[in-house]
Amino acid sequence: MRAEDRSLPSIPPVLPGPRPRVPPTGPRLQGEPEPPTPGYTQLRSACSRTRFGGRRAAAMPSRAAPTAGTGRGEERRRDWAPPSTAPAPSFLLVCSKMAAPMVRGGLLLARKALVPQPSLAGKRCLLSAAYVDSHRWETREKEECHLADLASLMDKTYERKLPVSSLTISRFVDNISSREEVDHAEYYLYKFRHSPNCWYLRDWTIHTWIRQCLKYGAQDKALYTLVNKVQYGIFPDNFTFNLLMDYFIKKENYKNALSVVFEVMMQEAFEAPSTQLLSLYVLYHCLAKKTDLTWEEERNFGASLLLPGLKQKNSVGLSSQLYGYTLLGKVELQQGLRAVYHNMPLLWQPGYLDRALQVMEKVVSAPEDGKLCKEALEVLDRALQALTAPAPASPEEQPREGEDSQGSGNLAEQSDMEESEQSRLPQYLERFKALHSKLQALGKVESGSLLTLTTQLVKEQLPTCEAEDIAAYEQKLQQWHQERVHLIQREQEQREKAKQAHQARRAAKASA
């Protein structure tokens with residue numbers, strides 16, 4: 001039997017690899033991603049109009065096709081034409097002996113994809129199984145909707161230049177059932193973020209989005225939308241941050257876990273002690289393996305160590321403050337003060353190395369048993385020695401770095417601050433040696449590594465923090481349910497009012 005000779009519609013081909021990103025223009029748009037691929041219903045309608053062998057296509061084309069736009073959601077597609085030799089057959093029986101094993105392998109892979117993957121809740125790494133268990137979330141009350149209907153509703157609403165309600169996008173994310181539908185939800189999250197109702201993306205929608213991404217193996221989407229939070233509106237709470245970090249830790253993907261920690265730092269979301277402990281564990285695990293850091297990495301590591309270290313009242317917290325101030329002080333003297341605080345939740349006052357020495361003075365004068373780790377003290381010692389030594393950099397590179405990081409307007413004032421801090425380096429080195437001797441005499445130098453101390457602290461304090469987080473999460477679920485019920489009632493009332501107004505207009509027109 002042969003398939004009917006029908007021409008394929010003009011739909012974009014599926015290309016392997018990640019989507020290419022079109023760089024935005026303007027200094028304020030640097031780092032913003034390209035909008036996702038076109039809408040769900042356009043691709044679905046294109047596929048449903050295509051007939052293969054007398055039946056409609058059962059699958060929807062992938063949304064991995066690249067787009068090219070101006071960053072505002074235009075739906076431009078690459079021109080594509082089918083081969084001119086012969087129409088491509090589909091859904092035919094395979095007669096080739098060579099191709100038959102490949103088809104059987106594809107069927108086995110498809111069958112494996114339908115089998116639910118085992119949950120990671122049973123494997124304990126840092127967070128317990130009760131913390132990451134999604135049973136309570138899966139069994140919550142939710143509305144069963146068809147994604148095609150919701151997508152059609154949102155597309156028509158956007159075409160009429162009307163805002164989409166937060167309940168509609170919430171229902172779409174709630175009813176995700178496959179990896180491909182995660183890509184569709186990404187597109188509509190982007191569209192909603194760039195709509196008049198962008199401020200009303202609900203907290204439970206963000207939590208559901210992260211959970212759905214982890215459930216269907218789309219952790220890369222979860223991290224991508226988190227890093228590009230301005231474009232997608234993904235600002236999770238501490239519980240959701242912990243789930244994402246713990247997922248990457250269990251996968252031993254510390255690179256992505258570190259990216260999550262940096263996002264927690266940028267959003268200043270270190271309120272929960274559990275988030276502080278997980279972040280410090282990831283930071284010291286990465287620092288134990290990575291020695292050569294760029295100045296951007298030193299700044300990010302320094303801020304990520306400093307902010308949770310200020311909230312921890314123990315040896316790990318004090319050592320984290322010392323470590324963070326040291327890295328930031330090194331960036332301050334080598335790249336300028338503006339490189340430290342620009343787009344960072346940090347102070348714009350100079351003297352980060354002086355603050356590091358103040359931490360040592362605080363430990364010396366404190367009557368408590370707080371100690372400083374030998375590893376953090378060695379980092380400060382090496383930084384002071386390197387900064388005090390004459391720099392061998394060529395004079396041609398220094399003005400370029402100053403122009404790039406500081407700007408021409410504040411160059412004179414910034415250079416004065418740097419010279420004042422540079423002139424104090426010998427004093428800082430003398431203070432460090434004196435304070436280090438006092439710490440050794442008082443027995444306040446911890447010989448263990450920071451990773452070992454942090455791991456021990458996590459094992460001691462994390463179970464208590466988990467109980468508090470789970471209790472707060474239960475209350476938050478009830479609060480989200482009440483807010484959602486209230487929104488549904490208000491939506492029904494507005495729909496009824498609109499229906500009555502429409503009937504009144506029809507009656508008035510009929511009487512006239």
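User: Where does Leu-387 sit?
Analyst: Leu-387 is in helix 18, which covers residues 374–388. Keep in mind that this is a predicted model.

User: Is Leu-387 buried or exposed?
Analyst: Leu-387 is buried: its relative accessible area is 7%, and the cut-off for buried is under 20%.

User: And what is Leu-387 in contact with, leaving aside neighbours within four places in sequence?
Analyst: Leu-387 is in contact with Lys-330, Leu-333, Gln-334, Leu-353, Gln-422 and Leu-425.

User: How far apart are Leu-387 and Leu-333 in sequence and in space?
Analyst: In sequence, 54 residues separate Leu-387 from Leu-333. In space, their C-alpha atoms are 7.9 Å apart.

User: OK, new topic, the core. Which residues touch the most other members of the largest nonpolar core?
Analyst: Those are Trp-209, Val-260, Leu-322, Tyr-323, Met-360, Leu-372 and Leu-380, in a core of 115 residues.

User: Which helix gives the most to this core?
Analyst: Helix 22, residues 450–511, with eleven residues.

User: Let's pick Leu-322. What does Leu-322 touch?
Analyst: Not counting residues up to four places away in sequence, Leu-322 touches Ala-356, Val-359, Met-360, Leu-372, Ala-376, Leu-377 and Leu-380.

User: Back to helix 22. Is Thr-454 there buried or exposed?
Analyst: Thr-454, which lies in helix 22, counts as buried because its relative accessibility is 1%, with the cut-off at under 20%. Beyond residues up to four places away in sequence, Thr-454 touches Leu-280, Tyr-281, Tyr-284 and Val-316.

User: How do helix 9 and helix 11 pack?
Analyst: Helix 9 (residues 219–227) and helix 11 (residues 238–250) pack at an angle of about 130°, and their axes are 12 Å apart. The two helices are therefore oblique to each other. Helix 9 passes helix 11 in a left-handed crossing.

User: Which residues make the contact?
Analyst: From helix 9, Gln-219, Ala-222, Leu-223 and Leu-226. From helix 11, Phe-241, Leu-244, Tyr-247 and Phe-248.

Methods: Residues numbered from 1 in each chain as written. Predicted model: local features only at pLDDT ≥ 70, side-chain atom pairs only at ≥ 80, totals over all residues. Heavy atoms only, no water. Core = buried A, V, L, I, M, F, W, Y, C linked by side-chain atoms within 4.5 Å. Buried < 20%, exposed > 50% of the residue type's maximum accessible area, 1.4 Å probe, protein only. Helix = DSSP H or I, 4+ residues; strand = E, 2+ residues; numbered from the N terminus. Contact = heavy atoms within 4.5 Å. Axes fitted to C-alpha atoms, helices over the stretch in contact; angles between N-to-C directions. Parallel < 35°, antiparallel > 145°, perpendicular 65-115°, else oblique. Left-handed = near helix turned anticlockwise from the far one by under 90°.
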